[in-house]
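Please consult the sequence and the structure shown here while reading.

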Amino acid sequence: MIGRRLAAVVAAAVMAALTAGCGNSTQDDDRARTVGFVVAAQKHNFTQEMSLGFRSGVAAVPGVTALVDGPPITDGPRQATIFEDVATRARGGVSLFTLHPELLARPMSRVGKSGVPLVAVDNAPPPGPQVPLFIGNDNHAMGAALADGIIERLPPDAQGTVIIGSPVPGVPVLDNRAEGMRERFAQRLPLVKVRGPFDTMLDPTANLAAWRGLVRANPDALAFMATGDIDSYNLATIRRETGGPWLAAGFDLDPRSLAAVKAGDLMLMSPEHYLKGALAGRLQAENAMGTRELPQGWLRTDGLLVTVANVDEITRRQQSETNRQQWFQPRVENILSDLDSHLHPLA
């Protein structure tokens, strides 16, 4: 009797061990088929666009789960904590968009060395081998292209002042946009004096107040140009309030900004954040499933100038997730089918 009981206990222990082993294996498999995206702040339009794109890109690869997280507002230390947490749950890979790469450098190095594939999105990664792929715009070129849009609406012999504002001076993405604007005016309208970028603050209320101050201080300016998204709709609001003859330009596709373009109060440059997110999600999901290795280098994506000529099309695109997917799908496939022509060395 004792022998039978002992045998039963041993058998139960072996079964429990096997079951536990299977459970751990299943959990490990789930984490290996999960890819994450950590954004700088969840409340902003541009991060929401990236997140939607990322989920869409992952959904195109059956068997992979998307995990998206980030602080509600811009908070570098909090984002670093979230990033390391996501990396424990998304072993298939983690994409990162941060406005504070200097604060994320060590966490990125640790996570990369642990074997989790990393991709930087929108803002270039810090130097080092742990992040071999960056998906983002040439922000200098986008700033220049937005300046071209304003220049085309000014006389060829224009003289006066153009004011540039930035919600977060010192962030390379925004600084590069401002420098592109400045250089293009120097090339094409050398008699125009470009001032800034002035700090227009990241908080929407403070941003509106900052722009009102700049407009009051520069009533004869030819144009006010912004490097960020909240600046755009705030500038349009002030232009409507004051009836100013000056031109206004900014970035991103907040619905209020699109309405201002439609009304003739604004010109926009869209960095096409959805596209960057979709490419990151798709490439990481395919890598997690073993169907494509992550490419190395800078996967450069283009911006899109939004004016009264195409604002209706872009507004329709932005009205639903389905519309976005249908509009961007051929563009994603075009890039993925010819990656080599879109890849450039990381600086």
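Predicted model: local features only at pLDDT ≥ 70, side-chain atom pairs only at ≥ 80, totals over all residues.

Residues are numbered from 1 along each chain as its sequence is written, and side-chain values use heavy atoms, with hydrogens and water left out.

**Helix H5 and helix H6**

- The axes of helix H5 (residues 139–151) and helix H6 (residues 172–188) come within 7 Å and cross at roughly 45°; helices are DSSP runs of H or I, at least four residues, numbered from the N terminus.
- Axes are lines fitted to C-alpha atoms, for helices over the stretch in contact, with angles from 0 to 180 degrees between N-to-C directions.
- H5 and H6 are therefore oblique to each other (angles under 35 degrees count as roughly parallel, over 145 as roughly antiparallel, 65 to 115 as roughly perpendicular and the rest as oblique).
- H5 passes H6 in a right-handed crossing (the near helix is turned clockwise from the far one by less than a right angle; anticlockwise is left-handed).
- Residues in the contact (heavy atoms within 4.5 Å) include Met142, Leu146 and Ile150 of H5 and Val173, Arg177 and Met181 of H6.
- By class, this contact of H5 with H6 has nine nonpolar, five polar and six charged residues (Ala, Val, Leu, Ile, Met, Phe, Trp, Tyr, Cys and Pro count as nonpolar, Asp, Glu, Lys and Arg as charged, and the others, Gly among them, as polar).

**Helix H8 and helix H9**

- The axes of helix H8 (residues 230–242) and helix H9 (residues 255–262) come within 8 Å and cross at roughly 45°, which makes H8 oblique to H9.
- H8 passes H9 in a left-handed crossing.
- Ser232, Tyr233, Ala236 and Arg240 of H8 meet Arg256, Ser257 and Ala260 of H9.
- The contact of H8 with H9 has three nonpolar, two polar and two charged residues.

**Cavities**

- The structure holds four cavities of 30 Å³ or more; on a 1 Å grid over the protein atoms alone, a cavity is a set of points where a 1.4 Å probe fits but cannot get out, and lining residues have an atom within 4 Å of a point.
- The largest cavity holds about 170 Å³ of space, and its lining of 17 residues has Phe46, Leu99, Leu174, Arg177 and Gly228 nearest its centre.
- H6 gives the most to this lining of the largest cavity, with three residues.
- The second largest cavity holds about 50 Å³ of space, and among its lining residues are Asn45, Glu49, His273 and Tyr274.

Definitions and conventions:
Helix = DSSP H or I, 4+ residues; strand = E, 2+ residues; numbered from the N terminus. 1 Å grid on protein atoms, 1.4 Å probe; cavity = no way out; pocket = protein on both sides within 12 Å on 5 of 7 lines; lining within 4 Å. Points joined across faces, edges and corners; volume = space filled by probe spheres on them.
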